[in-house]
Amino acid sequence: MTLKEKTRGYKHKILFFLSVIGPGIIAANADNDAGGISTYSIVGAHYGLKMLWVLLLITVSLAITQEMGVRIGLVTRQGLGGVIRENFGLKWVALAMLTMLIANMGTITAEFSGVAAAFGIFGVSKYLVVPLAAFVVWMILFKGSFKTSQRIFLIFSAFYIVYIINGFIIKPDFAEATRALFTPHIEWTTGFLVTMIALIGTTITPWGQFFIQSYVVDKGLAIKHYKAEKTEVFLGAFITDIVSFFIIISTATVLYKHGIRITDAGDAALALKPLAGEFAQFLFAFGLFSASMLGAFILPVATAYAICEAFGWEYGFNTTWKTGKIFYTIILVSIALPAILVLIPKVNLIKIMIVSQDINGILLPIILIFVMKIINNKDVMGEHVNKPIGNIIAWLTIIGIIAATLILVVTSMMGLN
Amino acid sequence: MLFLSQFIKVPIVDSADITAGNCVDFIARRSTEDKYPHIIGIVYKDRRTKELKNVSFDSIENLGGDEITLKTVIKKIQPFVILENDLWLAQHILDKQIVDLDGTRVVRVNDIRFGLSDNKLHVLGVDISTRGIIRRLGLGKLRIFSLLKPAFIEWDKMQIVGKSLKLTNVTQELVKLHPADLANVLETLNPSHSGELVQSLDPITVAKVFQELKPEFKRDIFRRFTQKQIEVVMSHVPVDELVDYLKTINRKDRDKIIDHLSTAKKKEVEEFLHYPDDTAGGIMSTEFVRENVEITVAEALQNVRKLSHTYRSINYIYIVDKKDHFLGVVSLRTLISSKPTDKVGKIMKRIKAHQTVHPDATIQHVATLMTRYNLLSLAVLEKDSTLLGVVMVDDLMRQLLPHA
């Protein structure tokens, strides 16, 4: 091989990797949406470093569950909705879709809350901002280019690097933080459990499971891309949770240490003061806004895709209103209903964001159980069935969440706070 | 109307009122005399042993929504033999994707419809409507859903895909579809299904469909083909299409395919590979009729007839001199309405140099010339004015609107 041929081969490999990259990174960035930011901020502000161990565990779980989604997608070349339909029948896929719909509606509500909260920092009324945002999202999805807007917001959401920088500036005790990563700590109070489940639910989401699978199918990837994809989702999980880590230690150091609790987005913005000073408010609002909009674009689309695929309705952006009525109606309702919910007077926007992630967390086991059944089915997966270690980690995650949910229900019923 | 979903999970009760088990599936068998397959029996899960057992259709007394009754006691019933290519309706067809041949789209089976005639239960077709979904979910009785319209596809108007494809042959209807429609269908199906479907088609159809597929699907479609099969298909694909495909795959695979082409084709392909996609050279075709200026109309027509089976489209013939310099064109219309003894040089339309392009011309320039001079095809010349290829207006359109 000549030198030219050698370097071309190398370039070819890099291009190959880059051409395949995308899904994991996008899903990862979208994890840091309105629900994510508020949850991570509260985890740090209200409990300091005490929940970091949960973050470590769910990073592993996230990587594993995303990888399973990728593997099923590459082998079956169908979205999760289609696979559930073909293997479990209509009634079960209806259940899965209902679950996903509720969880997604909650998350979209969180996104619009995020938009409202971001502008609320500057005193702009939500009655102005939310309808406008909802309208813009609908118009672009219905008429315009989804791809370009997605790219814009992806770039904006790179803002979260700010938290990483901030994380170093405030000179937190990294030793203490690292120790906390490996120190389990649990309080049997409603507040702690609610926050903990929200933490899980905002990182591993039902929609994320559907999204990663559809995305690898849409991109036309095949099983030969498995290694590259696996690397990418692992990388994606790592990156997103690094950002989460820094958000938590930022709020832990700046707010928790001084006993400041978060009741609205402005409080959370304070965590950026060491970096940006007065500018902190603006920076935070900007980031929250763009992260919320990214979510507001992706979620309705992901919802409509999954539901239409499961029930055999026409879908995709190359359909028109005439042919893709149901597809566009789902998108419309997924935008309108959450927007209306956010406009209810006197709702606590932060609370909405946390509760929605709780819903994600509680409903997640249902979707994960479907995934587990499929990925262990030899008829479907052939030689790519799960290895025991994958099963162990996944089942531990599922059991962990169900246990936490049950305990939460019990403690809140017993009135403990 | 009788639907499969009405009977799944329904108890099978014999004449002694003993419940043998719950219905799991209906077995259908195709016959050459009948347009529709008929039900030969029912599979159920034995209540005690949990094994799958079956009863023939003749032993059924009554098919009811709450129970299926048998004519005699369960002990007296002989199970029937299920053959290799019998269809298990719930397992192979229900909830799976099929191709609607009338609408040329891919849909999902929500329910299967039966019809009773001379004591045989026939599979009439499938329900793909939302109403079918409602019925499956058990909400069929609610009045408001009667607003939803039913939507059926008859058995002979659908093509099963997926694992079940091995059980049915590709229907004649499917092959009759326009290659572009067939390509659309393949693009909508999930890739493993489309791969299986493609394998059941003959190479010439595959070659035609291949040309209509979107770029990303071209690569995908051969996943399941052996090298030999690919070569056979490729031999039916025109050079310019072949080159477009070869440009998108990696060097190793490309060289493998090129090695197995005929020498002449190989040479052309290698030449074409040098031209970038967005130039005249990249979209031109070498499939055109080239005639010497001295030949007669009669001879030209004969050549056209000979070549009309091989070439995708012939609208003009291209006239060159002894040295292969491009001189002009004769449209088929002119050819047909001229005297057979006339020389083509006499009736041809001279094409001036500025109405031709070189291989490195941009698409923009090609489009401009074709629009300005109302040309359906544009000659591509080498620097020495020899005729290299022809850009057809449909290839130009494909370049401008690749995702149509």
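In chain B, Gln97(B) has Arg108(B) of strand β10(B) as its bridge partner. The model in which this pair is found is a predicted one.

Strand β9 of chain B covers residues 97-100, and its antiparallel pairing with strand β10, residues 105-108 of chain B, rests on four bridges. Strand β9(B) also runs antiparallel to strand β14, residues 158-160 of chain B, to which three bridges join it.

Another open sheet of chain B has four strands, arranged in the order β15-β16-β17-β18, and its pairing is mixed. At its edges stand β15 (289-292) and β18 (349-350) of chain B, each with pairing on one side only. Strands β16 (residues 316-320) and β17 (residues 326-331) of chain B run antiparallel and are joined by five bridges. In this pairing, Val320(B) faces Phe326(B) of β17(B).

Helix α13 of chain B, residues 297-307, lies across β15 and β16 of chain B and runs at about 155° to β15(B).

## Domains of chain B

Chain B is divided into domain 1 (2-156), domain 2 (202-274) and domain 3 (282-400). The centres of domain 2 and domain 3 of chain B, taken over C-alpha atoms, are separated by 25 Å. Four residues from domain 2 of chain B and five residues from domain 3 of chain B take part in the contact. On the side of domain 2 of chain B that touches domain 3 of chain B, the residues comprise two nonpolar, no polar and two charged.

| Helix | Partner helix | Crossing angle | Axis distance |
|---|---|---|---|
| α5(A), residues 80-88 | α6(A), residues 90-120 | roughly 150° | within 7 Å |
| α16(A), residues 279-311 | α17(A), residues 325-342 | about 140° | 9 Å |
| α18(A), residues 349-375 | α20(A), residues 388-413 | roughly 150° | within 9 Å |

Because of their angle, α5(A) and α6(A) are roughly antiparallel to each other. In their contact, Gly81(A), Ile84(A), Arg85(A) and Phe88(A) of α5(A) meet Leu90(A), Trp92(A), Val93(A), Ala96(A) and Met97(A) of α6(A). By class, the contact of α5(A) with α6(A) holds seven nonpolar residues, one polar and one charged.

Angles over 145 degrees count as roughly antiparallel; α16(A) and α17(A) cross at about 140° and are therefore oblique to each other. Their crossing is right-handed. From α16(A), the residues Leu299(A), Pro300(A), Val301(A), Thr303(A), Ala304(A), Ile307(A) and Cys308(A) meet Ile326(A), Phe327(A), Ile330(A), Ile331(A), Ser334(A) and Ile335(A) of α17(A). The contact of α16(A) with α17(A) has eleven nonpolar and two polar residues, and no charged residues.

The crossing angle of α18(A) and α20(A) is roughly 150°, and these helices are therefore roughly antiparallel to each other. The crossing of α18(A) with α20(A) is left-handed. Helix α18(A) contributes Gly361(A), Ile362(A), Leu364(A), Pro365(A), Leu368(A), Ile369(A) and Met372(A) to the contact, and α20(A) contributes Ala394(A), Ile398(A), Ile401(A), Ile402(A) and Thr405(A).

Definitions and conventions:
Residues are numbered from 1 along each chain as its sequence is written. Chains are lettered from A and ligands numbered from 1 in the order in which they are written. This is a predicted model: local features need pLDDT of at least 70, side-chain atom pairs count only at pLDDT 80 or more; totals for chains, interfaces and linings use all residues. Two strands pair if DSSP finds at least two bridges between them. Helices (H or I, at least four residues) and strands (E, at least two) are DSSP runs, numbered from the N terminus. Two residues are in contact if their C-beta atoms, placed from the backbone, lie within 7 Å. Axes are lines fitted to C-alpha atoms, for helices over the stretch in contact, and angles run from 0 to 180 degrees between N-to-C directions. Angles under 35 degrees count as roughly parallel, over 145 as roughly antiparallel, 65 to 115 as roughly perpendicular and the rest as oblique. A crossing is left-handed if the near helix is turned anticlockwise from the far one by less than a right angle, and right-handed if clockwise. Ala, Val, Leu, Ile, Met, Phe, Trp, Tyr, Cys and Pro count as nonpolar, Asp, Glu, Lys and Arg as charged, and the others, Gly among them, as polar. Domain bounds come from an automatic or database domain assignment.
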